[in-house]
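Good morning, colleagues. Please look at it on the screen as I speak.

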Protein chains: 2
Amino acid sequence: MATLADVARRAGVSTATASRIINGSSKPVTDELRARVLAAVAELRYVPNAHAQMLARNNRNAVGVLVHDVSDPYFAEITRGLQRVATASGRLTIICNTFREPERELEYIDLLHAHQVAAIVVAGSGYLSSDAETELDERMLAFEATGGRIAVIGRHHHASDAVLPANEEGGYLAGSHLFELGHTSVGVIAGPAALTTTADRLAGLQRSASAYGHSLQVVHSDFTRDGGEAATASLLASDPSVTAIAALNDSMAVGALAAMRAAGRFLSVIGFDDMPIARDVTPSLTSIRLPLTSLGERAMELALNPPPPNTPPRVETVPAELIRRDSTWPVAQRR
Amino acid sequence: MATLADVARRAGVSTATASRIINGSSKPVTDELRARVLAAVAELRYVPNAHAQMLARNNRNAVGVLVHDVSDPYFAEITRGLQRVATASGRLTIICNTFREPERELEYIDLLHAHQVAAIVVAGSGYLSSDAETELDERMLAFEATGGRIAVIGRHHHASDAVLPANEEGGYLAGSHLFELGHTSVGVIAGPAALTTTADRLAGLQRSASAYGHSLQVVHSDFTRDGGEAATASLLASDPSVTAIAALNDSMAVGALAAMRAAGRFLSVIGFDDMPIARDVTPSLTSIRLPLTSLGERAMELALNPPPPNTPPRVETVPAELIRRDSTWPVAQRR
DNA sequence: CGGTATCAGGAAAGCGCTTACCTCAGGCAA
DNA sequence: TTGCCTGAGGTAAGCGCTTTCCTGATACCG
């Protein structure tokens, strides 16, 4: 492995000069030496050791991102936004999949801390139980104490800059949409009860139910296509009066569609997040749109641009919007 | 930022002892000191500086992955496999999105090289033109010269361990399936012509066309849903005799379905890759399955376990398989 | 009791860089 | 000519760790 010293030796200069030339330092150097050094770099295929640079420069340039799973379209969209901003400011993004295991989250926070990242963006949902979050909070504080920045997406225990999707409002929009269509018996297929995302979306749905004077049948399952399928199947089996289903994300909604095809019963379904696939399933999915990519962008901006000192954390909310498609219709209308 | 020296000072020991205790070295240490050091670690919330460790230990523990875009389901699946194996062997995975820009690929290879990763897995398709690949090859050689390992997925110019999806065979299966159903005028919506993936799948399709004595209408576009939609629209408009469409990946196939809905004409469609969504669109998509996750696993295994020295690169092929669903039917049968 | 093996712990030499500071020449004004 | 800048380059001190080698103390042997 060629080192700076090798390059310097080959070019017949000191490592200081070589370093300055390679990094384009402002210190003036004669063209003669510059050429010799660059030639040596090329001949030796020299690539600087990033770790040595980090150590010597003591600046942080990478950023870390904690997501449940990048291959989940929800996080894929968010990550796209995060990366766009990070890359635009010349930073390497390290993506970590936590798979919603609190253990792994802790590990990754420490790992990113150890790697001296400039900032960490936590994109996964928070947990309701503060037990699970306390330890996480500690680690984050330790990270921040060393000058690291943290931004979270969604409701978390940790007090830092945050971008909050309007989950409650979105739930309210979803419920209201169904009730306006005349549905009175609505089933909800929800994600894990422990997540704040689930809780908030559900709360919005409950609020609309109260407003319209109806009640909800809630079944919890995984935030996945298969989770949605299973939850829908059980709902269909247990309560024949349900005429509409609100899914707390689009993956579950897609599963609901599959369960209904299997059962030969077709109820109105509304999803949540408005994933790209929503318009391509049949019927195309009515959903609550969250601008996920820009949400990611915003979170990374907050993370990279610290607020003035001694200011409270900044909290921004991004709005939810109803996107009507073909999967919801008036209750009177048979399909 | 607490350093090892701070911990050592606080515990009243040398940094050597502190380091040994923290890393669980085999060197014996009295319980007394051990307790003091661990207490200091906890009080100071000490997290070792990973860069300093890398430098001092001179071992490589992270691995890098180059993909076109993790949020593309094709790469998301592969990445899942790559990560599973990397994580199982205790390695951090650094995912880099190249967005198919050769420039960015070069940059990332160097960046990963600089970060002293143990291995790089290149998961994106290769390019047909060797111009584009020559420079890449150089950088890879430079990386390998320093002891780094490389494995590629798909056909690339670089001579390293490789996992090859059976693209040609899959193309042949797809074409044969359509011709067996009696189609004689088949349109192909293909990805960018510069990619080896496109070329290979197309070659298989051509082989089947020759075998059955038919010809193909090929339209190139992006490997995306919208690319597929556009290509299909133009195919539909330009050649009314086409009765079946072969898409070179599932995203394009989904776009084809959309274009057909828009045009009110429903032709048989076969996809490629068998993404999870294939079974959830309507009609459910006949596709060529590639075991993407295990393909990723295999590639990472090759990358992490070097072959015996002076052996030719290992090349493994993973088979393609036809998955019949509802989007293809005999030509005689009207829909 | 001297000599040696054993053991816990520390001193210090790097790992590959960056950069503050120093040196040495040459150029200028007085 | 002397004195002093200025510019080009080198010297060397770290950055935060790991690890080799060394030290000093204790235990054990004949």
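Which helices of chain A and chain B each supply at least two residues of the surface near DNA strand D? Before I answer, please note that this is a predicted model. The helices are α2 (15–22) and α4 (50–57) of chain A, together with α2 (15–22) and α4 (50–57) of chain B. The most is given by α4(B), with 4 residues.

Let me turn to the residues themselves. There are 26 residues around DNA strand D, and those that come nearest are T17(A), K27(A), T30(A), L4(B) and S19(B).

Next, the DNA side. Among the atoms of DNA strand D within 4 Å of the protein, 63% belong to sugar or phosphate, and the rest belong to bases. In chain B, an N or O atom in the side chain of R57(B) lies 3.2 Å from a phosphate oxygen, whereas K27(B) has a polar side-chain atom 3.4 Å from a base nitrogen.

Finally, I draw your attention to one residue of chain B, S176(B), which lies in helix α8 (residues 167–180). Is S176(B) buried or exposed? S176(B) counts as buried because its relative accessibility is 10%, and the cut-off for buried is under 20%. Beyond its neighbours within four places in sequence, S176(B) is in contact with S208(B) and Y212(B).

How values were computed
Residues numbered from 1 in each chain as written. Chains lettered and ligands numbered in written order. Predicted model: local features only at pLDDT ≥ 70, side-chain atom pairs only at ≥ 80, totals over all residues. Heavy atoms only, no water. Buried < 20%, exposed > 50% of the residue type's maximum accessible area, 1.4 Å probe, protein only. Contact = heavy atoms within 4.5 Å. Near = heavy atom within 4 Å. Polar contact = N/O pair within 3.5 Å; in protein donor to acceptor, adjacent residues only side chain to side chain.
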